[in-house]
2 protein chains.
Amino acid sequence: MRPEEEQSQCGVPVNLDASPGCEFCRQSGGEVPWRDEKCRVVLVADPDYHGFCRVIWNAHVKEMTDLARDEQQHCMRVVLSVEQVLRRVLKPHKINLASFGNMTPHLHWHVIPRFEYDAHFPQTIWGDRQRSAPPAAPAETGLQLRELLATMLARNYP
Amino acid sequence: MRPEEEQSQCGVPVNLDASPGCEFCRQSGGEVPWRDEKCRVVLVADPDYHGFCRVIWNAHVKEMTDLARDEQQHCMRVVLSVEQVLRRVLKPHKINLASFGNMTPHLHWHVIPRFEYDAHFPQTIWGDRQRSAPPAAPAETGLQLRELLATMLARNYP
């Protein structure tokens, strides 16, 4: 899929204040169950981590402290809304939250449901692999996750 | 140093709602330049990562979404105050923020200043080591960091 098609599919321009060559300025980053003018929630297609989400700030901003105070709060409220949905639907053993941007310095948060039997637990998903990935979750779980992400975020941030 | 001595040194009890065997209920977790009733900022003694800080919630809570809304905001404001101080004093290439708790399920945030020449860049510090650690920062940088953490947090959260 070409970048401009993804932008069209995404519904809002993702390249506000875009930086040439930045992956998250050019592309939505995956399936987008919810977005507003400031940021978007993306379902990451990771075969090891069903339910792995990212919250990507739309504008090309490097650090949380480059945002205004109300933008920081908005960003974290969206991140924690995603955490809440993941906990409700998947009941993970733990939630992992992280914002690095060492390779793609465009503000984004990883929100990852972790299970004791997943591929890296108790290591971070960037650490040494511990075992094979568990079998894929049933299709209805994915559907429930998409629906609840869309409805809960639309309710909190209409 | 025994846990009870650390608690005494820390100034406030760190074992509110303590969980038996939890490292962050028993110990402060390092040098504490600032703390309040809810959380504490800890300087991590990591030879690879000068300026590595943690923000540790005092009570034994597992996830951010186990906190009340105003507590979530307080926690993130402290995390981002630390980010701001690290950026001002150390001028890192990037800040890394993460809350995992897979091994110690007691809410804590890692706030890590990253440099292009550090031991793991551009990987996370939990990934594959890329090179030797850079030389230790001068003593006055550490002193400046401690002072600014204490004064800026005391100003924001008196």
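Tutor: Two strands pair if DSSP finds at least two bridges between them. Strands (E, at least two residues) and helices (H or I, at least four) are DSSP runs, numbered from the N terminus. The model here is predicted: local features need pLDDT of at least 70, side-chain atom pairs count only at pLDDT 80 or more, and totals for chains, interfaces and linings use all residues. Residues are numbered from 1 along each chain as its sequence is written, chains are lettered from A and ligands numbered from 1 in the order written, and side-chain values use heavy atoms, without hydrogens or water.

Student: What makes β4 of chain A and β4(B) a pair of strands?

Tutor: Three bridges join β4 (residues 94-99) of chain A to β4(B). The rule asks for at least two, so they pair. The strands run antiparallel. S99(A), for one, has L97(B) as its bridge partner.

Student: Why is the link between R87(A) and D66(B) called a salt bridge?

Tutor: A salt bridge needs a side-chain nitrogen of Lys or Arg within 4 Å of a carboxyl oxygen of Asp or Glu. Here the N to O distance is 3.0 Å, so the pair qualifies. Side chains of opposite charge can pair when their charged atoms come close. Chain B and chain A have four salt bridges between them.

Student: Which elements give two or more residues to chain B's side of the contact?

Tutor: They are α3 (69-90), β4 (94-99) and β5 (108-114) of chain B. The largest share, nine residues, comes from α3(B). By kind, that side has twelve nonpolar, twelve polar and ten charged residues. Asp, Glu, Lys and Arg count as charged; Ala, Val, Leu, Ile, Met, Phe, Trp, Tyr, Cys and Pro as nonpolar; the others, Gly among them, as polar.

Student: How many residues make the contact, and what counts as contact?

Tutor: Contact means heavy atoms within 4.5 Å. Chain B gives 34 residues and chain A gives 34. Together the chains bury about 3200 Å², 52% of it on carbon and sulfur atoms. K94(B), F100(B) and N102(B) lose the most area in chain B, together 20% of what that side buries. Buried area is the accessible area (1.4 Å probe) that two parts lose on being put together, summed over both.

Student: What does the salt bridge of K38(A) and E71(A) tie together?

Tutor: The closest N and O atoms of this pair are 3.0 Å apart. K38(A) lies in the loop between β1 (31-35) and β2 (39-43) of chain A, and E71(A) in helix α3 (residues 69-90) of chain A, so the pair ties together parts 33 residues apart in sequence.

Student: What makes K91(A) and P122(A) worth a look?

Tutor: Most residues other than glycine have a negative phi, and most peptide bonds are trans. Phi of K91(A) is near 50°, a positive value. K91(A) is in the loop between α3 and β4 of chain A. The bond from F121(A) to P122(A) is cis, with omega near 5°. P122(A) sits in the loop between β5 (108-114) and α4 (139-156) of chain A. F121(B) and P122(B) are also joined by a cis bond, with omega about 5°.

Student: What is the confidence in chain A?

Tutor: pLDDT is the predictor's confidence in each residue, from 0 to 100. Chain A has a mean of 90, and 90% of its residues reach 70 or more. Residues 1-14 of chain A stay under 50. The model scores ipTM 0.90 and pTM 0.90.
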